[in-house]
Amino acid sequence: MRRLNTAVGLALTAVMLFPVYWMVNVSFTRDQDMRKSPPYWFPVHGTLDGYRAVLERQLPYLGVSLVVGLGTVVLTLLVAAPAAYSLAKLRPRGGGVLSFVLLIAQMIPGIIMAMGFYAIFLTTGVLNTVPGLIVADSTLAVPFAVLILTTFMSGIPEELMQAARVDGAGVTRTFVSIVLPVSRNSIITVSLFAFLWAWSDFVFASTLDQGGARQPITLGIYHYIGNNNQEWNAIMATAVVASIPATVLLIVAQRYVAAGVTAGAVKD
């Protein structure tokens with residue numbers, strides 16, 4: 001029975017990963033082989049033309065996505081960490097209502113938020129700018145980050161907080177010196193998710209930065225797509241390169257993510 005379960009698991013994994021394999025395969029396929037029937041299951045006559053196109057055309061888009069992703073992480077932590085600390089340890093009046101509002105905020109479709117941001121950004125003059133995109137992307141990450149960090153910080157022993165107060169630490173000092181270091185796993189978790197959401201965002205980018213001079217990689221890939229476009233190897237090569245940062249981050253941070261997501265789920 002165990003071998004059967006393993007075989008089924010491997011088969012399902014292969015099915016789910018097949019689009020990734022096909023993306024890599026097409027990225028090395030020549031233009032004249034794209035419509036071959038049956039298709040090559042391996043890049044028999046491999047070419048690097050797609051990756052050359054990435055180096056020539058897509059590096060600025062990748063740079064913008066990196067800036068937007070890192071900016072989203074910073075802004076998310078600046079807003080979410082103090083808010084979570086307040087909800088978890090200071091317990092302000094109306095904290096329960098705020099937590100419920102944050103939960104509801106995650107259910108709002110992104111396109112509706114994008115339309116609202118479009119009107120605001122058009123009035124304030126930040127439409128088609130990188131800072132505007134960072135602010136918009138952060139609205140997706142902040143509610144999730146507050147909920148995750150609140151759950152984790154609620155599990156921090158009160159003895160640590162009391163010891164800090166006995167030593168003369170105020171609210172801010174306790175937050176910086178005690179709560180943040182102890183919350184490392186959850187901070188890494190929300191940082192990773194915030195970066196991935198910003199890195200893969202298309203709705204906000206296409207709505208709020210379509211005419212900007214600096215655009216993220218999702219729009220860079222989108223520019224390839226057209227009725228007469230035949231550069232499928234370049235499209236797939238760009239997708240492969242754009243997937244590398246997310247893959248590396250997930251591999252490096254997976255143990256922190258597992259610990260951060262499950263933290264606070266079980267109470268002693």
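Which residues in H6 meet which residues in H7? Here are some notes to get you started.

1. Some ground rules: this is a predicted model, where local features need pLDDT of at least 70 and side-chain atom pairs count only at pLDDT 80 or more, while totals for chains, interfaces and linings use all residues. Residues are numbered from 1 along each chain as its sequence is written, and side-chain values use heavy atoms, with hydrogens and water left out.

2. To the opening question: Leu160, Met161 and Ala164 in H6 meet Thr174, Ile178, Val179 and Val182 in H7 (contact means heavy atoms within 4.5 Å; helices are DSSP runs of H or I, at least four residues, numbered from the N terminus). By class, that contact has six nonpolar, one polar and no charged residues (Ala, Val, Leu, Ile, Met, Phe, Trp, Tyr, Cys and Pro count as nonpolar, Asp, Glu, Lys and Arg as charged, and the others, Gly among them, as polar).

3. Now the geometry: H6 (residues 158-166) and H7 (residues 171-182) pack at about 155°, with their axes 10 Å apart (axes are lines fitted to C-alpha atoms over the stretch in contact, and angles run from 0 to 180 degrees between N-to-C directions). The two helices are therefore roughly antiparallel to each other (angles over 145 degrees count as such).

4. Have a look at H4 (residues 110-124) and H5 (residues 130-154) too: their axes come within 11 Å and cross at roughly 150°. Met113, Phe117 and Phe121 in H4 meet Gly132, Val135, Ala136, Thr139 and Leu140 in H5. That contact has six nonpolar, two polar and no charged residues.

Notes. Angles under 35 degrees count as roughly parallel, over 145 as roughly antiparallel, 65 to 115 as roughly perpendicular and the rest as oblique.
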